[in-house]
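I'd like to walk you through one protein model, so let me put it up on the screen.

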Amino acid sequence: MRDINVDNIMDAVQKSWAGATDERLKTLLQKFIFYLHDYIREVKLTHEEWLAAVQFLWSAGQISDDKRNEFALLSDVMGVTSLVDLINATPGATIGSVLGPFYADDSPAVPFGADLVKTNEGEPVLLTGTVRDVDGRALPGASIDMWQTDIEGAYATQDPEQADDNLRCKQACDADGCYAVTTVLPAPYTIPMDGPVGALFTTTGRTPWRPAHYHFIVRAPGYMPIVTELFFDHDPLVDSDAVFGVREPLVRHVGPAGPVTFRLERQPARLLDYDFTLVRDTGYRPAEQLHPGQ
Ligand code: BEZ
Ligand code: FE
């Protein structure tokens with residue numbers, strides 16, 4: 001096409017992808033062009049603004065490496081990660097939430113009732129519950145993978161001061177589908193602020209805080225794994241999560257522990273109990289495959 005103008009450029013770019021043999025990829029590209037061109041026309045993007053956007057993406061690439069993905073963070077703070085999670089939620093299962101960048105799949109396997117508090121400061125909390133199917137039946141083959149911050153709001157995987165495996169674990173549920181660890185309450189923290197996403201937060205005055213939370217991946221053979229988080233009803237930050245991960249059913253009350261009927265390595269002062277629901281899958285696959293690149 002030799003006469004490109006404002007009126008025909010979108011069509012020309014869309015047609016340039018028309019030869020894609022993968023129909024889904026063709027749709028994704030053509031729709032993307034449609035909305036992107038529409039956006040540029042509507043806001044009447046200037047050269048300076050376009051250059052700033054290109055520089056922003058360049059900086060995101062510069063600060064990313066095999067441990068850090070600034071593009072995933074951009075997706076999180078734009079609500080894109082949560083929107084993809086929400087439109088792909090499995091009906092009947094516990095609602096999912098963001099995986100985040102601090103997950104590591106090599107957490108130590110700990111026995112039922114293990115103590116994760118060790119030398120951490122903070123009140124011991126019993127974190128317990130049952131993994132069930134949609135009919136409420138316990139899933140004895142289930143397991144949890146849990147990670148959290150310390151009381152300073154730092155994860156072991158980002159903080160050289162902490163033991164590498166601090167406050168993260170894998171646990172096989174007992175014969176009743178039950179999990180139990182004694183741990184501490186995590187603390188709120190800000191998203192990584194030293195990159196272009198952080199700079200955008202600073203420029204715009206947007207709050208970078210995430211409410212305190214426990215992260216979980218819950219699995220059972222033959223069931224869809226879930227990636228989710230639990231938040232606390234005493235935390236005012238649940239109403240302003242920087243990555244839009246809070247869902248009402250995941251906001252829980254931490255109460256007094258009361259008498260505990262099973263053996264624990266450390267007695268808790270407080271209790272948070274939560275039952276997870278998994279839905280059958282036709283083929284079991286690890287949850288992290290559902291969240292590539294984080
Ligand atoms: C997290 O919960 O670990 C997290 C999620 C998204 C961005 C930054 C941190
Ligand atoms: Fe987190």
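This is a predicted model: local features need pLDDT of at least 70, side-chain atom pairs count only at pLDDT 80 or more; totals for chains, interfaces and linings use all residues.

Let's begin in helix H4, where Glu70, Ala72, Leu73, Leu74, Asp76 and Val77 are buried. Buried here means under 20% relative accessible area, exposed means over 50%, and partly exposed is in between, with a 1.4 Å probe and protein chains only. Helices are DSSP runs of H or I with at least four residues, strands are E runs of at least two, and both are numbered from the N terminus.

Residues are numbered from 1 along each chain as its sequence is written, chains are lettered from A and ligands numbered from 1 in the order in which they are written, and side-chain values use heavy atoms, with hydrogens and water left out.

Back to H4. The helix is mostly covered, with 6 of its 8 residues buried. What do those buried residues pack against? They pack against H3, helix H5 (80–87) and H6, where a contact is heavy atoms within 4.5 Å.

Take H6, which runs over residues 196–204. The axes of H4 and H6 come within 9 Å and cross at roughly 35 degrees; those axes are lines fitted to C-alpha atoms, for helices over the stretch in contact, and the angles run from 0 to 180 degrees between N-to-C directions. On the H4 side you have Glu70, Leu73, Leu74 and Val77, and they meet Pro196, Val197, Gly198 and Phe201 in H6. That contact divides into 6 nonpolar residues, 1 polar and 1 charged. Nonpolar is Ala, Val, Leu, Ile, Met, Phe, Trp, Tyr, Cys and Pro, charged is Asp, Glu, Lys and Arg, and the others, Gly among them, are polar.

Now the ends of H4. Asn69 caps the N-terminal end, with a side-chain oxygen 3.0 Å from the backbone nitrogen of Phe71. Just after the helix, Gly79 takes a positive phi of about 80 degrees.

Speaking of phi, most residues other than glycine have a negative one. Lys44 is in the loop between helix H2 (23–43) and helix H3 (47–63), and it counts as exposed because its relative accessibility is 68%. Lys118 has a positive phi too, about 45 degrees, and is in the loop between E1 and E2.

On to the ligand. Which residues are around ligand 1? They are Leu73, Asp76, Gly100, Pro101, Phe102, Tyr155, Tyr189, Arg210, His213, His215, Glu229 and Val243, taking a residue as near if one of its heavy atoms lies within 4 Å. An oxygen atom of ligand 1 is 2.6 Å from a side-chain N or O atom of Arg210. For His213 the corresponding distance is 3.1 Å, and for Tyr155 it is 3.5 Å.

What about the core? The largest nonpolar core has 38 residues, and Val131, Tyr179, Tyr214, Phe216 and Leu272 touch the most other members. E9 gives the most to this core, with 4 residues. A second, separate core of 10 residues includes Leu74, Val98, Phe201 and Ala242. By core I mean a set of buried Ala, Val, Leu, Ile, Met, Phe, Trp, Tyr and Cys residues joined through side-chain atoms within 4.5 Å.

Zooming out to finish: the protein has 6 helices and 13 strands, and buried residues make up 44% of its 294 residues. Among contacts with a separation of 6 or more, 71% are between residues 24 or more positions apart.

Technical notes
A polar contact is a pair of N or O atoms within 3.5 Å; within protein, one must be able to donate a hydrogen and the other to accept it, and residues adjacent in sequence count only if both atoms are side-chain atoms.
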